[in-house]
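Trainee: I would like to learn how to read a protein model, one feature at a time. Can we begin with pockets?

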Amino acid sequence: MPGGLFQSSSPSTMIVTSTPAADLALTNLAYCCPSDLHHFSVPGIEFSIASGIRPGHIALNSVQRRHARVTTGDSIPVSRFVAPDDFDLALLTVELEFVKRGTKSEQIDAVLLANQLRKKFINQVMTVGQRVSFEYHGNNYIFTVNRAEGQERSNAPESGMISNDTYIVFAASNASGIKVVNQREAASSNIFRQKEFNLQSLGIGGLSAEFTDIFRRAFASRVFPLHVTSKLGINHVKGMLLYGPPGTGKTLIARQIGKMLNGKEPKIVNGPDVLNKFVGETEKNVRDLFADAEQDQRTRGDESDLHVIIFDEIDAICKSRGSTRDGTGVHDSIVNQLLTKIDGVESLNNVMLIGMTNRKDLLDEALLRPGRLDVQVEISLPDKNGRLQIFEIHTNKMKENSFLAPDVSLEDLAARSKNYSGAEIEGVVKSAVSYALNRQLSLDDLTKPVDEESIKVTMDDFLNALQEIVPAFGASTDDLERCRRNGMVNCGDRHQDIYESAMLMVEQVKESEGSALVSCLLEGPRGSGKTALAATVGIDSDFAYVKIVSTETMIGLVPESSRWAHIMKVFEDAYKSPLSMIILDDLERLLEYDPIGHRYSTLLHHKVSALLTRLPPKGRKLLVIGTTSAVSFLDSIGACDDFSYTHHVPTLKTEDAKKVLEQLNVFSEDDVQAAAEALNDMPIKKLYRLIEQAAYRGHSGAAKAIYSGREKIKMAHFSDCLRLLRRG
């Protein structure tokens, strides 16, 4: 019976006695007679019996008696122990010593000893502080459990059951006379605390591809024994960089990697925390982070454990050298100190540095070269399947406890939450829960008891939450709708052909492998509907990221550099999404074109031209639609050549205007033809303005009647407004 672990069920009183044979004392088992087995019988669990033990007695060896603080003849309560689920140990750290002090020095192979202990004590439960005696190569030893961790329970009670996958770490004091060798070899095949990874159980959703990439590039070599990597002539990866938008899971991945590795407890430091106002203190803080790893490598060499250092917001301290002009040179010294520790003359091979940043572009280039932070993984916004996994992670508990309403469709929520980061999805779930809880509260009486059984988080709660939590990187739906305030009507075959051509470009970007960047220029007279057409394409494209850049969005950005930085940020944000669309509205105004003197910003022109021809990063696709009312100017500076296609958006001819008026239904049937003929060659924006003026020509009440369909616009009012418009 597993030594000393009797819990659950009602206890029986038994009398302690000595183990009847010396070899049985080295098994870590407690023994009883066959007649007592019925008190503890559990299906699927084997019990140990031995001859010579009287009924009502339990045999414990001397180590067990000392640990339990009992002596022979004592009566102790004994009860059955039932192991809970997931009770297997991932990590067991033990300290070795001889049973008899003064035994000669002995060298122990960690690989061989770990295999024997796993085989000998399989399915036995170990607890921190427990002392266990065993025999190895003719010598009797005792190990003391210093650390015991479950596969997914790093903060759980420090006990568990030994399995074939338990990684055992050995330690021995210098005074013990025991020298442990090949500990590094044992660690190479068990650097992780579990045999397989369930990312969702770790709270990591939608990042399986990125995690696979990290494992292959950074940890695959560490799984193999040291002599294998030595024969291959390769060094282990010492650093990796996780970069991407905020809230995508960079810190979460780094923390979970640190917990999963069999090594020293990871050191987690925020970049700004390293900084110190006193001279030399910042560099000392960096050196202190590596001090334990250096000491470990000096004393144990290749047997040293892996030391993980996690740098959050690493861009705060590792900016490109020479970019900061604070007069102190501290940032430059930090970079130099860090480079020396990672890949200097006395570089460490037992360190894994994990850096995280939202601004990879700010980091010093020397830090990113191979041999330093050479594994660089972009943690981007999750796709639909990734968002579904994240929703499942954050709603798992409420589903288990029947708080999730049956009408909630996580698949539908994943489809609706395009360009949401993992943190934003968590915010959506919290917001939805707040709606559900609010229904159970009364502001008139907050002391009123809450009916827990009636708490249900419904689909409407999630839909309200999606309206409340807006993604930082997404489609500017409100801005696009403002660009077509009057809606979209059929303006004739010519406009329809342009719309269909634009939607074909949308499909080209979505489906074609060779069309990572497609651009189109819509040119035509002012007010002809170019912006409204582009906005409609943006809404109908169903792209996750759609942004419009116009002079309105850049009000207050006076210097050229500020306007350029704004445009550049829109493009950089677009590169973070698989499918993106950018509308450059009134391109001539964005370039600060002034027809008097034919002046414009050459800086903005050259940089925008570079963006229009630069391919997005791998795996990203972009559609750019520009609009202009000054195509001759753009053609003269070569800007038209930067676009893949150019379409002319015309004014309304008589037949086009008639179709628009028929759809608006504001004229009587007898007046539609006459009004359409008067509107020949009219931009649609002016048409809407003219109709609105004619509707209000009488009084506001008449306008309401016209737009509700109860009255029609009088031709006299329409003719007066048209005459004033043309005169103006």
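Trainee: How is a pocket found, and how much space lies in the largest pocket?

Mentor: A 1 Å grid is laid over the protein atoms alone; a pocket is an open set of points where a 1.4 Å probe fits, with protein on both sides within 12 Å along at least five of seven lines. A lining residue has an atom within 4 Å of a point. Points are joined across faces, edges and corners, and the volume is the space filled by probe spheres set on them. The largest pocket holds about 1100 Å³.

Trainee: What kind of model is this, and how are residues numbered?

Mentor: This is a predicted model, with residues numbered from 1 along each chain as its sequence is written. Local features need pLDDT of at least 70, side-chain atom pairs need 80 or more, totals for chains, interfaces and linings use all residues, and side-chain values use heavy atoms, leaving out hydrogens and water.

Trainee: What is pLDDT, and what does the protein average?

Mentor: pLDDT is the predictor's confidence in each residue, from 0 to 100. The average here is 81, and 86% of the residues score at least 70.

Trainee: Where does pLDDT stay under 50?

Mentor: Residues 1–8 are one such stretch. Another is residues 42–46. A contact means heavy atoms within 4.5 Å. Counting contacts beyond four places in sequence, the model has 29 for residues 1–8 and three for residues 42–46. Where pLDDT is low, the predicted coordinates should not be read in detail.

Trainee: How many helices and strands are there?

Mentor: The protein has 25 helices and 21 strands. Contacts tell you about the fold too. Among those with a separation of 6 or more, 79% join residues 24 or more positions apart.

Trainee: Is D312 buried or exposed?

Mentor: D312 is buried, at 14%. Look for D312 in strand β14 (residues 307–312). Beyond four places in sequence, D312 contacts T251, V269, N270, G271 and M356.

Trainee: What is a salt bridge, and how many are found?

Mentor: Side chains of opposite charge can pair when their charged atoms come close. The test is a side-chain nitrogen of Lys or Arg within 4 Å of a carboxyl oxygen of Asp or Glu. The whole structure has 20 salt bridges. One of them pairs K267 with D292, with closest N and O atoms 3.1 Å apart. K267 lies in strand β13 (residues 267–270) and D292 in helix α8 (residues 281–300), so the pair ties together parts 25 residues apart in sequence. K267 is partly exposed at 24%, and D292 is partly exposed at 46%.

Trainee: Which helices hold D656 and R494?

Mentor: D656 and R494 form a salt bridge, with closest N and O atoms 2.6 Å apart. D656 is in helix α21 (residues 654–664) and R494 in helix α15 (residues 493–511), 162 residues apart. D656 is buried at 6%, whereas R494 is partly exposed at 32%. Salt bridges can also share partners: R526, D586 and E588 join into one network that way.

Trainee: How many disulfides are found?

Mentor: A disulfide is a pair of cysteine sulfur atoms within 2.5 Å. The search finds zero. Among the cysteines, C483 is partly exposed at 24%, while C721 is buried at 3%.

How values were computed
Helix = DSSP H or I, 4+ residues; strand = E, 2+ residues; numbered from the N terminus. Buried < 20%, exposed > 50% of the residue type's maximum accessible area, 1.4 Å probe, protein only.
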